Amino acid sequence: MTVLNRRRFLELGGLGSAAGVGLPNLALAQAARDGSAAAADDRRVFLTGDGLSLTPAQYGRLLARLVDEKGITPDNYSLGGVVEELEAQFAGLLGKERAVFMPTGTLANQLAVRALAGGSSRALVQAESHLYMDCGDCVQTLSNITLMPLAPGRATFTSDDVQRVLNETRGGRVVQRVSVIQIETPVRRRLGEAFDAAQMAQVVGLARRDGIKLHLDGARVFLEAAYRGRRITEYTAPFDTVYVSLYKYFNAAGGAILAGPRALLDDLYHTRRMYGGGLYHAWPYAAVALHYLQGFDERFTRAIAVSDEFIRGLSRVDGVVVERIPSGTNLFRLRVMRADAVRLRTRLAERGIVLPAASTDGTNTFLIGVNESWNRTTGAELTDAFVRAMAS
């Protein structure tokens, strides 16, 4: 395969050739003039989201710099090149034999459950899970697998919940098998609440006893691992397959990774293509995700420390209430009782701090997200900026 350098990158139209995979038209002339790290690094602090919220111009400059400094070997229909390099990196980090690039998390979760199920059957999922609530019944419609939702309104289902469904399934007039259990952690619909670790261990034990396969929707599991101070393989080891998002905090423009055993995933690219997921070029996604993967744990751990200092500082400010999410990760609520929400956002924006919109219930409550942009400041500086913005 051809290795892209900056000259070849621009001859090919740079990111213009990536338009077919959903990337916007980028300022290539500026990217050619300025590929420095500083240019790709906005100094704003985002109090929302999981990642750095790269603009199209920043993304383009970063890609140009990566092409110039490292060279990029492009893939061919999502096979080989830097995509294969990314897959190998993730397989090792997740403790799995093989990893496969997927264009979306929806497809990654669906193909994992489909492959593990091995035919028509039932799969158990959280009622609040992304796969059950946000994917248009793709597993039921396209793979003839019935999803059985558990624990509505909660992040965690219990081993008793699982056993109850197993008993009902086995005792039905038409016997059906439960082939897969999927666990999502942390759960975005529960504001980043983590699945209870003790219950997870019991569910895993029950599944192994009955020969049921296990899939982890770990879209944000790297965030949870950092908050709990655990190695990522402590989460992934009990599961046959695991999905991780590439755009939420690894800052790619899209994409996902599905990891698991070679016997299951080696030929999965055929199914990926059958479902329309064999992108002609995925290297603009893979190169950026690979860049931010290096050292992410250390950077995000530092960001958590900044946020903890910020929360401690705000706890001493009159008229400000911080509410942690029970068993939560990188999200928390911030209520400001003595300031106008719109004015506060404007004043903070002038200081390079991006505050999300307040809730619509009139309580001046903001849902704050911790990400590695918090490393651009300190907790004390952030608290001071907040207090000054409230007073102005």
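Two strands pair if DSSP finds at least two bridges between them. The views below show a predicted model, in which local features need pLDDT of at least 70, side-chain atom pairs count only at pLDDT 80 or more, and totals for chains, interfaces and linings use all residues. Residues are numbered from 1 along each chain as its sequence is written, and side-chain values use heavy atoms, without hydrogens and water.

**View A. Strands E10 and E12 pair in the antiparallel sense.** Five bridges join E10 (residues 331-336) to E12; strands (E, at least two residues) and helices (H or I, at least four) are DSSP runs numbered from the N terminus. Opposite Arg333 stands Leu367 of E12.

**View B. Helix H8 packs against helix H9.** The axes of H8 (residues 159-170) and H9 (residues 197-210), lines fitted to C-alpha atoms over the stretch in contact, are 9 Å apart at an angle of about 30°. H8 is therefore roughly parallel to H9 (under 35 degrees). Contact (heavy atoms within 4.5 Å) involves residues including Val162 and Leu166 of H8 and Val203 and Leu206 of H9.

**View C. Phe222 lies in the largest nonpolar core.** This core, a set of buried Ala, Val, Leu, Ile, Met, Phe, Trp, Tyr and Cys residues joined through side-chain atoms within 4.5 Å, has 92 residues. Helix H14 (residues 283-293) gives the most to this core, nine residues. Beyond its neighbours within four places in sequence, Phe222 contacts Phe90, Leu94, Ile232, Val244, Tyr249, Phe250, Phe296 and Asp297.

Methods
Axes are lines fitted to C-alpha atoms, for helices over the stretch in contact, and angles run from 0 to 180 degrees between N-to-C directions. Angles under 35 degrees count as roughly parallel, over 145 as roughly antiparallel, 65 to 115 as roughly perpendicular and the rest as oblique. Buried means under 20% relative accessible area, exposed over 50%, partly exposed in between (1.4 Å probe, protein chains only).
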